[in-house]
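Hi,

Here is the structure I said I would pass on. Have a look at it first, and my notes follow below.

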Amino acid sequence: MSRIRTLTGIKPSGTPHLGNYVGAIRPAIADSQREGVDSFFFLADYHAIISTRDPERVHRSTLEIAASWLALGLDTDKVTFYRQSDVPEITELCWILNCMTAKGLMNRAHAYKAAVQENEESGAKDPDKGVTMGLFSYPVLMAADILMFNANKVPVGKDQVQHIEMARDIAGRMNHHYGNLFTLPEAVVGETTAVLNGLDGRKMSKSYDNVIPLFAPEKKLRKFIMKIKTNSLEPGEPKDPETCTLFQIFSAFATPEEVEAKRRQYEEGAGWGHLKQELFEYLNAHLAEPRARYDELIANPAFIEEELLKGAERARAEASDLLAKIRHAVGLRPLSA
Ligand code: TRP
């Protein structure tokens, strides 16, 4: 059976939160441990600078995200774990793909369309106000990320599916014109992976400012959990677990038996204060070990740097053969042999 090659990028533009862990980090690491799977995970720092103009934030987030993945057990001998900007082959391929990508295709990208719509609604004179070439063409960079490594499976959130389809489209055009160079990638959208809600009950997301940082120190973690919005039912009154953020977060970590027992507590009318304290204790116990590793890693950026450079070296070794082939195919060739 042929091996599966999965690849996914993580944009370093903030501090990892519980939602990132449950929705992306945990399933990705579990997947990377399966037989027959070769995983490529990278920090998409060229993507981060599209939306973040704060250099400290990009730098710090790169450190925090790399430390988080390592603390959670990512095995860098098995997984190729690298920083996008350490692999210049990707941006070189990006240019070549740009030359084969229809502008009209990019006009249809959701992120760009949303920016234009916002401008139109606010009555701006120029519908492209505030749109950089980076934002406009970032699906091409994403295609380069994926196609450079011949990935066939790309685990992403729903919002990214269109970009994978664009990568397929671009790969198809290249293959059609220059001969078979690229594997056509497929998006993998985890149907079962939970989307966690945040402090206010909406989806946990940086943009709603409602996140619980994954490795918040114990005291802070407790504070965050105490802030989670609940309703005004009193202790003794039965509560609905299905609409409760506390229950949802607990369920993302607990065993089915523990979840059943928790459900009974809700039916029996446990009080919110009590349920919050229990969720805190449960999460804290679960996260204590990786958090200690995380703190150690954060204090040792030289080690993380070394891990990322090791990953980049492996990634470049993978990329260079294909890039040489692509350069040749498009006519960028030495003048004499
Ligand atoms: N654009 C993705 C995001 O915002 C991150 C990303 C960059 C990515 N390159 C990728 C994901 C390649 C999958 C494959 O989440």
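Asn-150 counts as partly exposed, because its relative accessibility is 27% (buried is under 20% relative accessible area, exposed is over 50% and partly exposed is in between, with a 1.4 Å probe and protein chains only). Before going further, note that this is a predicted model, where local features need pLDDT of at least 70, side-chain atom pairs count only at pLDDT 80 or more, and totals for chains, interfaces and linings use all residues. Residues are numbered from 1 along each chain as its sequence is written, and side-chain values use heavy atoms, with hydrogens and water left out.

Back to Asn-150: its phi is positive, near 50°, and it isn't a glycine. For background, most residues other than glycine have a negative phi. You'll find Asn-150 in the loop between α7 (133-147) and β4 (153-155); helices (H or I, at least four residues) and strands (E, at least two) are DSSP runs numbered from the N terminus. Asp-209 is another non-glycine with a positive phi, about 55°. Asp-209 sits in the loop between β5 (186-188) and α9 (218-227) and is exposed, since its relative accessible area is 70%.

The contact between them takes 11 residues from domain 1 and 11 residues from domain 2, where contact means heavy atoms within 4.5 Å.

Which helix is largely enclosed by the rest of the structure? That's α10 (residues 245-253), because 7 of its 9 residues are buried. The buried ones are Thr-245, Leu-246, Phe-247, Ile-249, Phe-250, Ala-252 and Phe-253. Their cover includes α1 (18-32), α9, α11 (256-267) and α12 (272-298).

The structure holds 1 cavity of 30 Å³ or more, and the largest cavity has a volume of about 30 Å³. As for how these are found, on a 1 Å grid over the protein atoms alone, a cavity is a set of points where a 1.4 Å probe fits but cannot get out, and a pocket is an open set with protein on both sides within 12 Å along at least five of seven lines; lining residues have an atom within 4 Å of a point. Grid points are joined across faces, edges and corners, and a volume is the space filled by probe spheres set on the points.

Leu-246, Phe-247, Phe-250, Lys-262, Tyr-266, Leu-275 and Leu-279 line the largest cavity. α10, α11 and α12 each give two or more residues to that lining, and α10 gives the most, with 3. By class there are 6 nonpolar residues, no polar ones and 1 charged. Here Ala, Val, Leu, Ile, Met, Phe, Trp, Tyr, Cys and Pro count as nonpolar, Asp, Glu, Lys and Arg as charged, and the others, Gly among them, as polar.

On to the second largest pocket, at about 250 Å³. Its lining is made up of Asp-45, Val-58, His-59, Arg-60, Thr-62, Leu-63, Arg-83, Pro-301, Ile-304, Glu-305 and Leu-308. At least two residues each come from α3 (55-71) and α13 (301-330), and α3 has the largest share, 5 residues. This lining divides into 5 nonpolar, 2 polar and 4 charged residues.

- Glu-218 is in helix α9 and is partly exposed, at 42% relative accessibility. Glu-218 touches Phe-280, Asn-284 and Arg-291, leaving aside residues up to four places away in sequence. From Glu-218 to Phe-280 is 62 residues in sequence but 8.9 Å in space, C-alpha to C-alpha.
- Gly-104 belongs to helix α5 (residues 103-107) and is partly exposed at 31%. Its C-alpha is 36 Å from that of Val-211, 107 residues apart along the chain.
- His-177 lies in helix α8 (residues 161-178) and counts as exposed, at 54%. The C-alpha atoms of His-177 and Glu-120 are separated by 37 Å, at 57 residues apart along the chain.

Cheers
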